[in-house]
Amino acid sequence: MVYSVAPSERLGVMQQILTYICVDAGLRNILCDLRLLREPPRMSGRKNIAQAASSYTRKFYGLSIQTYVRRVQAGNEIEGIAIT
């Protein structure tokens with residue numbers, strides 16, 4: 001889904017995907033799957049969804065995807081860099 005949109009729209013798509021963390025256990029499991037997070041890079045250079053989400057949360061929140069998910073589930077307000 002992330003790679004199906006123009007590069008200029010990908011951050012917005014990832015931001016939208018992360019809004020479902022609170023309600024979608026399957027999504028949480030995929031994004032925090034250590035096997036996916038440790039997977040070697042693809043030949044195309046594209047990251048899988050777990051790696052892309054982790055890169056996003058590190059860049060905009062300074063947190064790993066696992067820490068981000070735990071904090072969101074705990075109801076903590078997470079401050080980051082605004083995306084426009």
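I take buried to mean under 20% relative accessible area and exposed to mean over 50%, with partly exposed in between. The model I am reading is predicted.

Entry 1: I looked up tyrosine 61 and found a relative accessibility of 21%, so I noted it as partly exposed. Tyrosine 68, at a relative accessible area of 9%, is buried.

**Entry 2: aromatic pairs.** I found three aromatic pairs in the structure. In one of them, the ring centres of tyrosine 56 and phenylalanine 60 are 4.9 Å apart and the planes meet at 45°, so I put the pair down as tilted. I then checked where these two residues sit: both are in helix α4, four residues apart, which is about one turn of the helix. I noted tyrosine 56 and phenylalanine 60 as buried. Tyrosine 61 and tyrosine 68 also form a tilted pair, with 5.1 Å from centre to centre and 40° between the planes. I recorded that ring pairs join Tyr56, Phe60, Tyr61 and Tyr68 into a cluster.

**Entry 3: the largest pocket.** I looked up the largest pocket and found about 200 Å³ of space in it. Its lining includes Tyr56 and Phe60, along with Val2, Tyr3, Arg10, Leu11, Met14 and Lys47. Ala52, Ser55 and Lys59 are also among the lining residues. The elements that give two or more residues to this lining are α1 (10–18) and α4 (49–61). Helix α4 supplies the largest share, five residues. I sorted the lining by type and got seven nonpolar residues, one polar and three charged.

How values were computed:
Residues are numbered from 1 along each chain as its sequence is written. This is a predicted model: local features need pLDDT of at least 70, side-chain atom pairs count only at pLDDT 80 or more; totals for chains, interfaces and linings use all residues. Side-chain values use heavy atoms; hydrogens and water are left out. On a 1 Å grid over the protein atoms alone, a cavity is a set of points where a 1.4 Å probe fits but cannot get out, and a pocket is an open set with protein on both sides within 12 Å along at least five of seven lines; lining residues have an atom within 4 Å of a point. Grid points are joined across faces, edges and corners, and a volume is the space filled by probe spheres set on the points. Ala, Val, Leu, Ile, Met, Phe, Trp, Tyr, Cys and Pro count as nonpolar, Asp, Glu, Lys and Arg as charged, and the others, Gly among them, as polar. Rings of Phe, Tyr and Trp (its six-membered ring) pair if their centres lie within 6.5 Å; planes under 30 degrees apart count as stacked, over 60 as edge-to-face and the rest as tilted. Buried means under 20% relative accessible area, exposed over 50%, partly exposed in between (1.4 Å probe, protein chains only).
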